[in-house]
Amino acid sequence: MPQPIVSLQNVMIYQDNRTIISNVNLEVNRGDFIYIIGKTGSGKSSFMKTLYADLPLTEGHASIVDFDLAKLKEREIPYLRRKIGIVFQDFKLLPDRSIHDNMLFVLKATGWKDKVQMEDKISEVLDKVDLKHFSKKMPHQLSGGEQQRVAIARAMLNDPELILADEPTGNLDPQTSVEIMDVLRKINANGKTVIMATHDYALIMKFPSKTLKCENSTIFEVVQRTV
């Protein structure tokens with residue numbers, strides 16, 4: 001039997017006391033690749049923020065990587081996020097330090113101590129995105145696609161069970177978007193679960209997978225031809 005890594009039951013998603021999405025019932029199994037689509041303002045990002053506890057869950061039941069979001073205490077949020085890799089549209093790299101030191105910052109912040117292990121891990125994740133020789137470069141020296149690959153590598157540092165990618169190709173040209181999708185699909189093929197919010201329907205057609213749509217304050221599965 002597939003084992004759910006995300007389970008939502010009768011979840012209401014709010015932001016600033018406004019209802020964004022109502023009555024979410026959803027299960028995501030380990031190893032799934034799922035798209036979340038919808039127009040700007042339809043609730044995609046609010047949905048993602050709820051999953052990584054940037055928006056608190058106040059109504060309904062939700063389990064994600066074995067954490068109960070309804071009972072999650074603020075001090076437990078860092079432990080949840082160690083089991084989740086998050087990739088943002090705007091990369092969120094620290095501009096004042098090298099790619100290597102961006103990685104080192106995350107490892108130190110999440111409790112790593114052993115210098116040799118940290119160096120090995122940085123080399124490993126950069127190798128996975130074909131940027132092993134870019135570690136000494138500064139973010140501004142990289143293209144947008146290269147910066148996003150660094151962001152994906154950063155998300156993999158703590159060997160997360162789940163990758164949440166919020167519009168990861170939103171700032172990239174079509175060819176670079178395909179390259180980023182290749183990286184995410186390879187990660188998924190190696191057993192990681194990926195949930196990706198996107199408005200790039202061309203990518204969905206090129207790389208078909210289960211697709212959920214945010215519309216009219218609801219979220220529902222759609223078949224490929226209707227996206």
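Two strands count as paired if DSSP finds at least two bridges between them, and with that in mind I opened this predicted model.

**Entry 1, the strands.** I looked up strand E1 (residues 4-15) and found that it pairs with strand E2 (residues 18-29) in the antiparallel sense, over eight bridges. E1 and E2 form a hairpin with two residues between them, and in the turn Asp 16 has a positive phi of about 55°. I then followed E1 to strand E4 (residues 61-64), which runs antiparallel to E1 and is joined to it by four bridges; here Val 6 has Ile 64 of E4 as its bridge partner.

I read a volume of about 660 Å³ for the largest pocket. Its lining has 24 residues, and Arg 81, Ile 84, Ile 86, Val 106 and Thr 110 are those nearest the centre. Helix H2 (77-82), strand E6 (84-87), helix H3 (99-109) and helix H5 (144-155) are the elements that each give two or more residues to this lining. By class, I noted 14 nonpolar, four polar and six charged residues in the lining of the largest pocket.

**Entry 3, the second largest pocket.** For this pocket I read a volume of about 230 Å³, and I noted a lining of 15 residues, with Lys 44, Ser 45, Gln 89, Asp 166 and Glu 167 nearest the centre. Helix H1 (residues 44-51) gives the most to this lining, with three residues. The classes in the lining of the second largest pocket are two nonpolar, seven polar and six charged residues.

Terms used
Residues are numbered from 1 along each chain as its sequence is written. This is a predicted model: local features need pLDDT of at least 70, side-chain atom pairs count only at pLDDT 80 or more; totals for chains, interfaces and linings use all residues. Side-chain values use heavy atoms; hydrogens and water are left out. On a 1 Å grid over the protein atoms alone, a cavity is a set of points where a 1.4 Å probe fits but cannot get out, and a pocket is an open set with protein on both sides within 12 Å along at least five of seven lines; lining residues have an atom within 4 Å of a point. Grid points are joined across faces, edges and corners, and a volume is the space filled by probe spheres set on the points. Ala, Val, Leu, Ile, Met, Phe, Trp, Tyr, Cys and Pro count as nonpolar, Asp, Glu, Lys and Arg as charged, and the others, Gly among them, as polar.
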